[in-house]
Amino acid sequence: MSLTPHMSISRTQFIVNLDELLTKLSQAQDSETIRIATSTLNTQFYATSDCVPALVEIIARSPLIHVRQLAAVELRKRISKWWPEIPDQTKTGLRTQLLQISLTEQHELVRHSTARVISSIARIDVPENKWPDLLNFLNESCASPNASHREVGIYCLYTLFEVISDYFLDHMTPLFDLFKKSIVDPESKTVRVTTVLVLGKVADFIDTEDKEYIKMFKEMIPAMVNVLEKCLEDNDEESASEIFEVFDILLMLDAPLLSTHLVDLIRFFLTVGANRELEDSLRVLALNFLMWAAVYKQNKIRSLKMVGFIVESLMPICTEEDPEDVDEDSPSRVSCKVLNALATNMPPQQVFPIIIPVILSYMQNPNPGFRKAAMVAFAVVIEGCADFMSPQFNELLPLVCTGLQDPEIIVRRAACMALGCLAEELPAEIAEQHQVLLPLVFNLMNDTNPEVTKHACNALDAILDGLGSDVVQYLPMLMEKLLLLLDNASQTETKATVIAAIGSAAHAASEAFHPYFGEVLPRICHLMSAKEGGDAMILRGVATDTAAAIAEAVGPEMFRPYSQNLMNLAIEQLQLDSPRLRECSYAFFSILARVYGEEFAPYLPTVMPHIISSCQAEEKEDNILQGEIDLTTGDGDMDDEDELENFNYNSAIADEKEFAADALGELFENTKTHFLPYVETAMEELTKLSFHMFEGVRKAVVGSLFSFLRTFYVISTPGEWAAGLPLSYTVHENVQHMISTVIPTVLLMWKDEQDKMVAVQICQEFVQALKLMGPCVVAETLENTTRNVLDIFEKRSLCQQSFDDEDFIDEDEEAQSESLLIGAAADLVASLCETIGEGFSSYFDVFLPLIAKYYKKTKASTERSMAVGCLGECITGVKRAVTPHTERLLQMFIKACADEDQTVRSNAAFALGVLTINTQLDLSSQYPAILTALHPLFQNQSLPNTTDNATGAVARLILAHPDALPLDQVLPVFLGALPLKADFAENEPVFECLFSLFRANNPFIFAHLAQILPLFAHVLADEDQLTEATRAQLIELVRALNAQKPELNLASSELGRFL
């Protein structure tokens, strides 16, 4: 029978019953007892305000520490609901009683929980000025001669700070006076540690403009470090961890609280990280600070020229042994993470030249730990330094090859990791070296150590990904090894990597994979049929990915006998309650839709509800609800349960959403009109996800929104687009509607985007859409689009704001991610020039100097090449509007023709040609200088594009001013460079030039027909060499020559079939 406590039983009995129930709960061992007790508490005791005085009484009187602790935790949760209902007179007594308990309670955990009750009440009472005694209590207890009272006072201050920060912010100066004393408390380390924690809270409220408070705070830093040092000396891991966390937070705040002391702090944390006498867990925390410093204080570290010092200090830590468990952090592993953070956040010029000599010297060390450190360090810096190291690739590769053949397992394993990273970041360079690398990797796949085998397969997977048709020569041996490992490997991870490598081999081999299809597919079907077991589920996921790769490689007909069964398995695993498997299914559907096109449409009604439901999935961590039950431990550090609700983020579900969002675009693009019934719902979900906190989801959203846009355009059967605004071509109203939905959504995302790689993707998607659809994409939003691009060049976009803007930075050195972003923005400027044409000239005038500044000697070769290439592409778009800038660009391009980098020279040759033919200025007087710059590009160029572009440039010079060149000297070189080897787009100006020379009856041309006619035959034999119009003109010319000069006997030559 349920009771209404305050009516049916006396106050004393109520307290006794509550005490009994809390005692039972605090001692409960089984979940059923806990469930019943919790339910009774909620329905019979916590349903009335009487529970508040009763719980206070239990905290004051109970002899059992667990019961007192539980009562305090439970009381804090009830305050927000019941405190306002309690009569004022009762409240006064309860406040006094709680303050008294906090001073007399012997047990620290209960004192802390009571302090949190006090802060919950203060949250309600202090703003209404109803608890004036509280502040007197704080002052008296913090200044008390009794150390335990000082501990209570400072801890109450700590719990109160966030709750009534407004009050404290008006009294900052006396507060800092108090902290100066408490942080050097002569008796109590607890007071000193808690002071540091309070300072962590205070820091949160200091504004970047509060110069006085910033100065006061900075003065506290040395004492805070002293407290941390003492905790480390005493091996007090708990306090040290909390203080490390405070320093991590200080790094992330906008106010420059650490800047004055940053050098000393970095030195101190490096010393702690390197101190092998300390617990590993403490060293890891110190090194974590350095990792965050590389992210949040990158400008400061750069301006202090500390990168080299940090790198050199970390390397010895990397030589230490790693724990067996690959997921366990250790000083050596975290040191490598710091190196990675430096490489990805700092300019590569500041990291790579410093670390390479250390790596080379470590590779010579007889101690295998040093050689392992060299390989791992090399692996982790590749991500941020790939472009910078690319020119030295051939000198660096032998380093990894040496590691792959090291007698020690740990070195071979690390070298495999380095090779995998190289293959991921520099796929083209690695693919060129396949004859050196693959035999070494095959050898390691036979290694007796399963760890080495696994890493060798990982490296193999990465190499195969970029290998292309070169894989064919290795396939028989490769597939034999992979299938043997798949059937016999002991480790699940090795099997998973092998399955992935089979997928990559199929992807690279394409149709050449046919002979292995029959052996592989039954194994894949078997792996995709697993229903339970963690390991089996991991393999099922990887097998799904590989099945998709094989389908794409062998094509729809060969895959057809398996497609129905595998689709059923992929649909079945949507029900297996695994975000990872759903993710694999969505990727599988995307690829099968690509392979089968509109044939995939019958599956849409089955798969679409799942995809939409994944887009809508709630991201709640499962363990959030545990807090209600486990009340007997910890001091309940969150101030309110709703704060737990604010941070709902589950990375597995976020990954699932990324794949679901991505699949929407793929399915529409490939099933076309069959997808139309789902467009509205899908658009709604994509728009909702456009501000998701996980950048992977936002990237997928951008990709799919543009995919929808392009697909609507394609299914509207459009004609050719024409450059210029206002639009001079017709756009279907459905496409127009899609543009007005998608582009504003994307522009909104772009403005608030904090991740550079998402911003890069937005630029790339715009470029693709403009190339396909022309200027209609930006007809209504040109101003906003160009403003966003301009923000990138002026370093004002949100994703470029570093966390510490207080330092001057050398702009010639930039992190690789920044270079990628600038490159993507430059491509978008070029596309806008191309699609809007001369009407874009006023914008081009603004962009030109911003792009041109990336061509100077101090910039990396990738940036110089981007600048010259982009300006060349812009000129082809704005055409004669380039005229005012001719002189400046001419000098720049001539200089760039002699650049040390081959891509820069190639781009410069192209740019010189398009400048000459588009400018309204007569450049014929400059021809000698231009020809002098181009001439060296006709011999000994390692990049075939360079000579092709130089040939195209000469063709444009002739077209612009044929009389200004010594044709008898120029044409032999020009013809000698034909046919073009790589850049067939340059055949356009080349053949236009040849046609004009034929029309002008140029004697040199007619004298060299024997050299020219085989060239005609060569380009006509290959469909990819010429546009349709140029091809038609060439055939017309061949027929005319045949009629005019029967002695050439063209009918019996290779050109006969075109007559």
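Is serine 707 buried or exposed, and what is its relative accessible area? Serine 707 is buried, with a relative accessible area of 4%, where buried means under 20%, exposed over 50% and partly exposed in between, for a 1.4 Å probe and protein chains only. The model is a predicted one, in which local features need pLDDT of at least 70 and side-chain atom pairs count only at pLDDT 80 or more, while totals for chains, interfaces and linings use all residues. Residues are numbered from 1 along each chain as its sequence is written, and side-chain values use heavy atoms, with hydrogens and water left out.

Serine 707 lies in helix α37, which spans residues 695-715. Helices are DSSP runs of H or I with at least four residues, strands are E runs of at least two, and both are numbered from the N terminus. Apart from neighbours within four places in sequence, serine 707 is in contact with Gly665 and Glu669, contact being heavy atoms within 4.5 Å.

The chain as a whole has 52 helices and 0 strands. Its C-alpha atoms fill a box of roughly 125 × 70 × 65 Å along the principal axes. Of the 1059 residues, 56% are buried. Among contacts between residues at least 6 apart in sequence, 73% join residues at least 24 apart.

An unreviewed UniProt entry annotates residues 37-104 as "domain: Importin N-terminal"; positions follow the numbering used here, feature names are shortened, and annotations may be inferred rather than shown by experiment. Over residues 37-104 the chain is 81% helix and 0% strand, with 30 Å between the end C-alpha atoms.
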